Amino acid sequence: MVKKLVFPGEDINNFDFEALWDVVEMNDDEKSFTYAGTGKNEGLQFTLGYKSRPEEYERVKKIHLEDIEHNKKLFSKELSEHKISEDEYKEKIKKASVVADFIPEFFLDEDYLEEEDLASPAGSADSPDFF
């Protein structure tokens with residue numbers, strides 16, 4: 001079984017496998033989520049598609065939306081307790097899509113994944129031969 005990093009050109013030693021990822025887009029038409037890296041992985045993005053698994057898309061979407069609402073409540077509480085300023089609150093709300101417990105699996109066994117379900121770098125609409 002060969003496993004490869006889904007970001008070609010990225011040095012595996014500089015990649016943070018424990019870093020969190022932000023949801024930057026939920027696309028109901030394509031049944032996909034686009035994620036952006038944080039920390040050392042900032043600047044990297046990937047998209048996960050669920051076209052062949054619409055029920056799974058809805059399940060994951062529900063989790064992401066619940067996380068976003070939870071984060072918004074936390075930020076409102078911090079503001080009301082004067083732990084953050086109004087400007088900090090506004091900035092956090094803009095980034096409320098952070099999914100605090102989402103760390104994707106970056107090594108994929110490409111032998112068992114369907115082509116449309118392979119994670120692809122955002123903006124790459126073509127085949128999964130980015131590996």
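Where is the place of Lys31 in the chain? Lys31 sits in the loop between S2 and S3.

This is a predicted model, in which local features need pLDDT of at least 70, side-chain atom pairs count only at pLDDT 80 or more, and totals for chains, interfaces and linings use all residues. Residues are numbered from 1 along each chain as its sequence is written, and side-chain values use heavy atoms, with hydrogens and water left out.

**Overall layout**

The chain has two helices and six strands. Their order along the sequence is β-β-β-β-α-α-β-β. Helices (H or I, at least four residues) and strands (E, at least two) are DSSP runs, numbered from the N terminus. Of the 131 residues in the chain, 34% are buried. Buried means under 20% relative accessible area, exposed over 50%, and partly exposed in between (1.4 Å probe, protein chains only). Among contacts between residues at least 6 apart in sequence, 56% join residues at least 24 apart. A contact means heavy atoms within 4.5 Å.

**The core**

The largest nonpolar core holds 14 residues. Such a core is a set of buried Ala, Val, Leu, Ile, Met, Phe, Trp, Tyr and Cys residues joined through side-chain atoms within 4.5 Å. Phe7, Phe15, Trp21, Phe33, Tyr35, Phe46 and Tyr50 touch the most other members. Two or more residues come from each of strand S2 (21-27), strand S3 (32-37), strand S4 (45-49) and H1. In soluble globular proteins, nonpolar side chains tend to be buried together.

**The helices**

H1 has 27 residues. Its first and last C-alpha are 39 Å apart, close to the 39 Å expected at 1.5 Å a residue. The expected span is 1.5 Å times one less than the number of residues. Buried in H1 are Tyr57, Val60, Lys61, His64, Asp67, Ile68, Asn71 and Phe75.

Helix H1 (residues 54-80) packs against helix H2 (residues 86-94) at an angle of about 180 degrees, with the axes 10 Å apart. H1 is therefore roughly antiparallel to H2. Axes are lines fitted to C-alpha atoms, for helices over the stretch in contact, and angles run from 0 to 180 degrees between N-to-C directions. Angles over 145 degrees count as roughly antiparallel. H1 contributes Lys72, Phe75, Ser76, Glu78 and Leu79 to the contact, and H2 contributes Glu86, Tyr89, Lys92 and Ile93. By class, these are four nonpolar, one polar and four charged residues. Ala, Val, Leu, Ile, Met, Phe, Trp, Tyr, Cys and Pro count as nonpolar, Asp, Glu, Lys and Arg as charged, and the others, Gly among them, as polar.

**Loop residues**

Most residues other than glycine have a negative phi.

| Residue | Phi |
|---|---|
| Lys31 | near 55 degrees |
| His82 | near 60 degrees |

Lys31 counts as partly exposed, at 22% relative accessibility. His82 follows H1 and is found in the loop between H1 and H2. At 74% relative accessibility, His82 counts as exposed.

Asp28 is also in the loop between S2 and S3. At 38% relative accessibility, Asp28 is partly exposed. Asp28 touches Tyr57 and Lys61, not counting residues up to four places away in sequence. Tyr57 and Lys61 are buried residues of H1. Asp28 and Pro54 are 26 residues apart in sequence and 9.5 Å apart in space, C-alpha to C-alpha.

Lys51 lies in the loop between S4 and H1. Lys51 is partly exposed, at 47% relative accessibility. Lys51 and Ser32 are 19 residues apart in sequence, and their C-alpha atoms are 7.4 Å apart.

Conventions
Parallel < 35°, antiparallel > 145°, perpendicular 65-115°, else oblique.
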